[in-house]
Amino acid sequence: MKRIDNQSKFDALRKEFSTFTFERQTVSRRNGTLSLAFDFNLDDRYHFRPTLEIPARPFFDWDSIPEMQLEALAFQIGMTELVSYWKIACPKRVVVKPFALTELQKSFWRKLYYNGLGEFLYLNSITVSEADLMHIISLPIEYNRTFPIRNDMGCETKFEEKVLVPVGGGKDSVVTLECLRNAMPAIPLIVNPRGATLGCVKTAGYGENDFIVINRTLDPTMLQLNAEGYLNGHTPFSALLAFISVLVAFGSRSKYIALSNENSANESTVPDTNINHQYSKSIEFESDFRNYVAENLNEEVQYFSFLRPLSELQIAKLFSQYEAYHSVFRSCNVGSKTDSWCGHCPKCLFTWIILSPFLSRKKLTAIFGKDLMADTSLRPIFEELNGTAPVKPFECVGTVEEVRASVKAVDGNRNQVNAILRCFNNEHFLPLQFEQILKQNLHA
């Protein structure tokens, strides 16, 4: 992905626009469906109203959650949505009205915004420090609403031994779902359902009322301004998913949230920097997030990445055994709207490479619709993946080491692959019972 020199545009926009304001949020419960809306504005010139709807399910109990706690949970989602709209002009002042924030809480958000926008800043060639990126000003509009609001402060929610599994339609979440669904009650969670996500949960045996749907809408004004040439780029979607999952954990009384981020998500996209396309999938963010939730929202809910101890190669080996999913999973962002593999992007090529030590070329060609390794136009992407090029693709792909090992394995040298398959990274937050489940599946 090419870099654009937008430093002068960044500086000019920050002079033209002084303030981004999180005005208010609306939370409504009706017939078992929970609806959220957030009102943002940019210098009172542009107004944005993104929404979130969680359709009713038999296991939801929104009415038992105290109003103030529900408002607090929704507020975290609004604070995460905020950055997608703020980045249009990057004003220096961010005014937050729905809740007051302590300096410690502001520090959490500044770090998330800065690191979550690392790719955005890099590809736009913008130089700015974390301290100067934005100044968060907290102006609560009513009752001086503050944090923390936790169970130990009188807001009682009784959590059960259930696990939420966000499903994105790719191989990783399939592995998590397959490992957990027979071990304990597991509820899939899908944001904006599409063919692959629905196909995966239905292949796992879930009916319409057995999984959670999140309908998220973007404000069209943002899309219009993007088209008009305002600043645009990658934002930390996984952080948004994290806060959505905590809200849903309350509604479904689920004690556990099992993500599917592997340990290669910790590797920087740009070598020798902290710029990481997958920052909000990294263990650094996971640690910060867990601490923030425990201190401000709830100490019982356990958010962790089930696959953190594993490499992409280990996940690929497990997935290769789940043949029922081979025709329905998709890991291609370009083809997501048409439920297809585009066959031309880093995600497609990486997925082919990482599965190649475990599936035949014939099977891979059947999955992708063509032989990707015979496509010479993919050579530049291949060089980015294997470390020949200076920067990895800005996509959710594995490490250079794993790519090189996979290529060697196809050529007959499986030593490096076998060594990686024997690893188990102990830097993780899995509760003991989940670690045992993972190890059982890994060695089955």
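Let's start with Glu312, which pairs with Lys171 in a salt bridge whose closest N and O atoms are 2.8 Å apart. A salt bridge here is a side-chain nitrogen of Lys or Arg within 4 Å of a carboxyl oxygen of Asp or Glu. Glu312 sits in helix 11 (residues 312-320) and Lys171 in helix 6 (residues 171-181), so the bridge ties together parts that are 141 residues apart in sequence. Helices (H or I, at least four residues) and strands (E, at least two) are DSSP runs, numbered from the N terminus.

Glu312 is buried, at 2% relative accessible area, and Lys171 is buried at 5%. Buried means under 20% relative accessible area, exposed over 50%, and partly exposed in between (1.4 Å probe, protein chains only).

## About the model

This is a predicted model, where local features need pLDDT of at least 70 and side-chain atom pairs count only at pLDDT 80 or more, while totals for chains, interfaces and linings use all residues. Residues are numbered from 1 along each chain as its sequence is written, and side-chain values use heavy atoms, leaving out hydrogens and water.

## More bridges to find

Next, look at Glu286 and Arg308, whose side chains meet in a salt bridge (2.6 Å, N to O). This pair links distant parts of the chain, 22 residues apart: Glu286 is in helix 10 (residues 283-296), and Arg308 is in the loop between strand 11 (302-305) and helix 11. Glu286 is buried at 2% relative accessibility, and Arg308 is buried at 0%.

Lys370 and Asp375 also form a salt bridge (2.8 Å, N to O). Here Lys370 is partly exposed at 27%, whereas Asp375 counts as buried at 17%.
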